[in-house]
Structures are given as C-alpha cells and as structure tokens.
Amino acid sequence: MFVEMFQLLFTIVSIEAVLILTLGFGTPARRVVVKLLDLSKQGRGPLVAKTVAATMLVLFGSVMFSTIQINTRVSESGGVANSTDQVMFANRLLEAFLMGTVLFLAMVIDRMHYYTRELQITRRNLEIAVKKGKTGA
C-alpha cells in the first residue's frame, strides 16, 4: 500500500519539478506548458484543482496527526520505540513530506504561470507602445 502511494507522490513531484524548470527557462516548450496551464484554468479545472488540493491537505493533516500520535506514544513509554512504531513513523514522515512538497510545488507552478502570463502581457503592451511612439513621432 505504501509503495504505490510513494511511487505516485514521487511521480507527481518529478512532473511538477519538470514543469517548474520548463516555466523557468525560455524554451519552446514553455509556450506549450503555458497554453496547457491556461486550458486547465478554464471551465471546471479550478474547481477540480481546489478539490484535489483540499483533499491532499486533509490527508496531510491526518498523516501529521498520526505522526504526532506515534511520537507521543513513544515518549510516554519512556522514549523507547518498538520496531513497528519506528517503521510507521518513518513511513508517515515520508508521506507527510511528499504531500507537503506536492502542495508547495503546485503553488509555485501557479505563481510562475501567473507571472509568466503577466510578463507576456507587459511585453506585448510595451511593443504596442513603442510602435505607437515611432509612428506618432
């Protein structure tokens, strides 16, 4: 069960990292990624994204609560943890870290997309103003 979830979370983190790198550098793929992100933010896309993010946030809170419970149980038993608690704590900690990373990278992608669009609009307006300035002078 844990292996499939970790594989999924690592895959999502890898895809998000590639998207961030694509948005960060002015490559031909950047235009495609911006168009795809524009399309994903139309229609029901934002609602689906917010629902998935809220679900992941609730799961993140649940995992953190479980991690705190394990830590409390270990500290109550005199600071000695059995092997089951150690394995569960490590799995929960990795799961919480990966979910937090996925949520953070999603926010970074959203902001980078926003600033990339604003930069394109500003450049377009600047080019129009320069052309008007040349023809008017």
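Helices (H or I, at least four residues) and strands (E, at least two) are taken as DSSP runs and numbered from the N terminus. The structure is a predicted model, in which local features need pLDDT of at least 70 and side-chain atom pairs count only at pLDDT 80 or more, while totals for chains, interfaces and linings use all residues. Residues are numbered from 1 along each chain as its sequence is written, and side-chain values use heavy atoms, with hydrogens and water left out.

Pockets were located on a 1 Å grid over the protein atoms alone: a pocket is an open set of points where a 1.4 Å probe fits, with protein on both sides within 12 Å along at least five of seven lines, and lining residues have an atom within 4 Å of a point. Grid points are joined across faces, edges and corners, and a volume is the space filled by probe spheres set on the points. The largest pocket holds about 770 Å³ of space. It is lined by 24 residues, of which E16, A49, A53, A106 and M107 are the closest to its centre. Two or more lining residues come from each of helix 1 (2-24), helix 2 (28-40), helix 3 (45-76) and helix 4 (83-136). The most, nine residues, are given by helix 3. When Ala, Val, Leu, Ile, Met, Phe, Trp, Tyr, Cys and Pro are counted as nonpolar, Asp, Glu, Lys and Arg as charged, and the others, Gly among them, as polar, this lining has 16 nonpolar, three polar and five charged residues.

Of the residues named above, A53 belongs to helix 3. With a relative accessibility of 33%, A53 counts as partly exposed, where buried means under 20% relative accessible area, exposed over 50%, and partly exposed in between (1.4 Å probe, protein chains only). A53 and M107 are separated by 54 residues in sequence and by 10.0 Å in space, C-alpha to C-alpha.

The second largest pocket has about 200 Å³ of space. Its lining is formed by G26, T27, P28, R30, R31, T116, L119, Q120, R123 and R124. By class, the lining comprises two nonpolar, four polar and four charged residues. R31, located in helix 2, is exposed at 63% relative accessibility. Between R31 and A96 there are 65 residues in sequence and 33 Å in space, C-alpha to C-alpha.

One aromatic pair is found in a search of the whole structure. The ring centres of Y114 and Y115 lie 5.3 Å apart and the planes meet at 65°, so the pair is edge-to-face; rings of Phe, Tyr and Trp (its six-membered ring) pair if their centres lie within 6.5 Å, and planes under 30 degrees apart count as stacked, over 60 as edge-to-face and the rest as tilted. Y114 is partly exposed at 38% relative accessibility, whereas Y115 is exposed, at 52%. The charged end of R111 sits over the ring of Y114, 4.7 Å from its centre, a charge being over a ring if NZ of Lys or CZ of Arg is within 6 Å of the ring centre and within 35 degrees of the ring normal. R111 also lies over the face of Y115, at 5.9 Å from the ring centre.
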